[in-house]
Amino acid sequence: MAGRFAPRPTRTTVRGGHVAVPAAVPRQAPAPARVRTWVPDGPLDLGLVLGPLRRGPGDPTFRTTPDGSVWRASLTPTGPGTLRVSRCGDRIRGEAWGPGADWLLEFLPELLGAGDDPSAFVPRHRLVALTRHRRPGLRLTRTGLVLESLIPSILEQKVTTGEAYRAWRLLVRKYGTPAPGPAPERMSVMPAPRTWALIPSWEWHRAGVDNKRASTILRSVRVAARLEEAAGMPAAAAQERLELVSGIGPWTSAETVQRSHGAADAVTVGDLHLPGIVGWALAGDRYADDAVMLELLEPYAGQRHRAARLILLSGRVPERRAPRMPHGDIGRL
């Protein structure tokens, strides 16, 4: 990888052979927050809606606080920004800081599922109907940002979630920038595309990211502008564009558009666990494969991702019959 994707010589790479790590920016007194309030047209559970955006308990871009607020640090088209979302009675209050504050507030309703239509979903199984009744605040988020969902999804390819979460945490903390405003400690905005492209091969290795996944991320950030354009395309067309990048397949594209587009029908195929969970919940078949899963979800055509979310939320999963997948750390090799 070092040969194919070596960064162009610059003053930071020629002198000493190192890529510069973004310097720590001392925190200054935050500027006054920009504020927006929004009233949802139905039940809304902030944890259920925004939970899929959290990449592990140590995600530097996502934090929940004891008062129930959700903090997100994002790299928007207008720059980095921090968003705090909280509930005030029947209203949702959004506060934002940084160059991306206005963009984050403008997109706040979409982030909280304003473009989603839960009423279009018709349960076909008792388990799904019961879970929907118990979770009325479930809506599908739409971030409008592709790379911030694509890169962690690539990191999750073919490894345990713990390994992927660790890689995301280490790379964002080292190469990202501090979240603007009075964000909780150690929150960071993910690196810009050029910064991802300049991460040296040994840093990927230390983070436990193999050559295949690192190369896929490097190919993606080189066409970052074209991929971000997919945010304005229908979900199916966006998946097709993402899959033009070598190393991005149906699993990764579905995981991305579920978050960037709020795609209600983008069911994840190629997953190690999901087919067995869906098969067990709907037909008692713990050994179901993708074909069986898609057949079982066929009655939910147009809403298959929502159906899968409800099945996962039901807690009806088969008992484990094998040891957990061993945790690998290539950084120790």
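Helices (H or I, at least four residues) and strands (E, at least two) are taken here as DSSP runs, numbered from the N terminus. The model is predicted, so that local features need pLDDT of at least 70 and side-chain atom pairs count only at pLDDT 80 or more, while totals for chains, interfaces and linings use all residues. Residues are numbered from 1 along each chain as its sequence is written, and side-chain values use heavy atoms, with hydrogens and water left out.

Helix α16, residues 304-314, contains R306. This arginine is buried because its relative accessibility is 3%, where buried means under 20% relative accessible area, exposed over 50% and partly exposed in between (1.4 Å probe, protein chains only). Apart from neighbours within four places in sequence, R306 is in contact (heavy atoms within 4.5 Å) with D116, D117, P118, F121, L140 and A264.

In soluble globular proteins, nonpolar side chains tend to be buried together. A nonpolar core is defined as a set of buried Ala, Val, Leu, Ile, Met, Phe, Trp, Tyr and Cys residues joined through side-chain atoms within 4.5 Å. The largest such core in this model comprises 32 residues, and L150, L171, W196, W204, V209 and I217 have the most contacts inside it. At least two residues of this core come from each of α6 (147-155), α7 (161-175), α10 (211-222), α11 (224-229) and α12 (235-242).

How do α6 and α7 meet? Their axes come within 8 Å and cross at roughly 130 degrees; axes are lines fitted to C-alpha atoms, for helices over the stretch in contact, and angles run from 0 to 180 degrees between N-to-C directions. On the α6 side the contact is made by E148, I151, P152 and L155, and on the α7 side by A164, A167 and W168.

The loop between α6 and α7 holds K158, which is exposed because its relative accessibility is 75%. The phi of K158 is near 60 degrees, a positive value in a residue other than glycine. Most residues other than glycine have a negative phi. A positive phi, near 70 degrees, is also found in R186, located in the loop between β6 (177-178) and β7 (188-189). With a relative accessible area of 52%, R186 is exposed.
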